[in-house]
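Please walk me through this structure, starting inside one chain and ending where two chains meet.

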Amino acid sequence: MKAHGRAWKFGNDINTDEIIPARYLNTSDPGELALHCMEDADPDFMKKAKAGDIIVAGKNFGCGSSREHAPISIKAAKISCVIAHSFARIFYRNSINIGLPIIESEEASVDIEQGDEIAVDFDSGIIKNITKNKEYAAKPFPPFMQDIIVKGGLMAKIKAEIAQ
Amino acid sequence: MGMTITEKILAAHAGEEFVEPGELIEARVDLLLGNDITAPIAIKEFKELGINTVFDNEKIALIPDHFTPNKDIKSAEQVKMLRDFAHKFSITHFYDVGRVGVEHALLPELGLVRPGMCIIGADSHTCTYGAFGAFSTGVGSTDMAAAMATGKAWFKVPESIKFIVHGTLQPYVSAKDIILHIIGDVGVDGALYRSMEFVGDTIAELSMEGRMTMANMAIEAGAKNGIFAPDGKTVEYIKSRTNLPYTLYYSDDNAHYAEVREYDATTIEPTVAFPHLPENTKPAREAHIPIDQVVIGSCTNGRIEDLRIAAKILKGHKVHKHVRLLIIPATQEVYKKALQEGLIDIFIEAEAAVSLPTCGPCLGGHMGILAEGERCVATTNRNFVGRMGHPKSEVYLAGPAVAAASAISGKIVHPDELH
Ligand code: SF4
């Protein structure tokens, strides 16, 4: 599995309210949530970001509530991957469970600059900075985790297994 | 290299000889739980799978404790979903009003929590069961739905931090004060992703109730789980509750810890966490804040030991005329014991209101909501903005001794200030 796009940089402790403000939680429709993705961190984010782009953040990304709406909005906004120094625990779980690719690398989080062209290979855990011609090594997901993301989330994976 | 107790339990449930921090694993779960807020979402997701059996009807606990007895029509509908699901799938551990108690107090009483187990719950305070030398952690509703179908959950193996506490506790200082003191020290993200392992002679002296109080609040430091090595007290408790087998795991001497922190228990004071974060701690003696309400209860401090501490202080006193004191035994068993030991008499004599077991005001659900500007001392675990009612109300977290003493004096005090 791979991701490829331009980097959008964010700081430390980006919380779930900034990712998808509570005022939009009267729906769980992914398309509607996507319209407000990252709105309280960068109001113009959805005007600027393109399909495939990558969010690069600092420490503790996704802290705050356990709302699954946060990773759902990022995934529905067609962001191909979130790279962060670290993720808040429940956000991390929820991302994997709903099929949003995420990867942790302190080096990538610090070194990547706004607008850099980035390619992530989840099999090897290699994050390539094409603009800077550099590579950062992250720990690759084991096959079963990749399987969850490839299949579109935990429930989709289980559905597929049951169907077999 | 050796492994910690958490690493060993996770390895055993993943079918591995060895796991290390950062590794992602898929593990068998021995017990999973949900409540009347989180289980309905999981039930909906489970139903979409279109399967007609759960992985094991004896390993799922459905505990309607938050808005029960049903506070309104919406909460009644939620509980009905649990009841219907439990009936349809022959779920053994569904407990309705009259049998139910606050989930994290009830499951240990029922003997459902045993050393060496791997437990997940769609409730963040599922970490309570670490008191028994089990691995337990809070998850989302999707995790619960998936585990109901497969009996499995995935985990990232956490790094561990060792918290060594030694020395004898001062009078009126309890497990709650130790954990508030630790959270005040490391902060609300001080143990993010990590396992908090509690050791030392002070910890060994704690009762199972005290250990549950501490493990319960591991999440308030951002931790994945809190854990205690099982000992004679653990085994005695388990044997009095169940005949089912269990496994005792211990950290190796050469296990790796990301951090080791030491505390001198003799210096820990009765402690209060000021609004609006559990890390805003101060000695109760320096607080002296006038209050309107006191709540003694919850999965943190609603057990018999907590009620005994409160009764000892309240005996022969009256609750201050400007204060409402609510006492909520966490389970029916706690309620009954309190009745038999004469504690309920003491509470009623003191002019406290005693309620049936429920989460109630702990999450601002019902049975004691605060008005604008009101202040409450609570033996609960969270004091976020609006947690017990109006966004401009305030919650001060404390142990049962400070809570009882404050109810008498009308302001937050150290219990020895009553004399
Ligand atoms: S008592 Fe409070 S913290 Fe405990 S389970 Fe109930 S609502 Fe949650």
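**Domains, ligand and chain contact**

Across the interface of domain 1 and domain 2 of chain B there are 2 salt bridges. In one of them, the side chains of R382(B) and E220(B) come together with N and O 3.1 Å apart. The model is a predicted one.

The two domains themselves come from the domain assignment of chain B, which gives residues 5-243 + 255-262 to domain 1 and residues 271-418 to domain 2. Their C-alpha centres are 24 Å apart. The contact involves 38 residues of domain 1 of chain B and 42 residues of domain 2 of chain B. Between them an area of about 3,100 Å² is buried, and carbon and sulfur atoms give 59% of this area. On the domain 1 side, V102(B), Y172(B) and K176(B) lose the most area to domain 2, together 19% of what that side buries.

Polar contacts also link the two domains of chain B: the count is 22 residue pairs, both residues at pLDDT 80 or more. On the side of domain 1 that touches domain 2, the helices α4, α6 (175-186) and α8 (208-216) of chain B each supply at least two residues. That side is made up of 14 nonpolar, 15 polar and 9 charged residues.

The ligand comes next. Which domains of chain B contribute to the shell around the ligand? Domain 1 and domain 2 of chain B each give at least three residues to this shell. Among the residues around the ligand are H66(B), H104(B), H125(B), C299(B), C359(B) and C362(B). V102(B) is also one of the residues around the ligand, and V102(B) is among the three residues of domain 1 that lose the most area to domain 2. By class, the shell has 5 nonpolar, 5 polar and 2 charged residues.

The last stop is the contact between the chains, which takes 24 residues from chain A and 31 residues from chain B. R89(A), R93(A) and M155(A) supply 34% of the area that chain A buries against chain B, more than any other three residues. The area buried between the two chains is about 2,300 Å², with 62% from carbon and sulfur atoms.

Across this interface there are 2 salt bridges. R93(A) forms a salt bridge with D143(B), where the closest N and O atoms are 2.9 Å apart. The side of chain A that touches chain B divides into 13 nonpolar, 4 polar and 7 charged residues.

Key:
Residues numbered from 1 in each chain as written. Chains lettered and ligands numbered in written order. Predicted model: local features only at pLDDT ≥ 70, side-chain atom pairs only at ≥ 80, totals over all residues. Heavy atoms only, no water. Near = heavy atom within 4 Å. Nonpolar A, V, L, I, M, F, W, Y, C, P; charged D, E, K, R; others polar. Domains from an automatic or database assignment. Contact = heavy atoms within 4.5 Å. Buried area = accessible area lost by both parts, 1.4 Å probe. Salt bridge = Lys/Arg side-chain N within 4 Å of Asp/Glu carboxyl O. Polar contact = N/O pair within 3.5 Å; in protein donor to acceptor, adjacent residues only side chain to side chain. Helix = DSSP H or I, 4+ residues; strand = E, 2+ residues; numbered from the N terminus.
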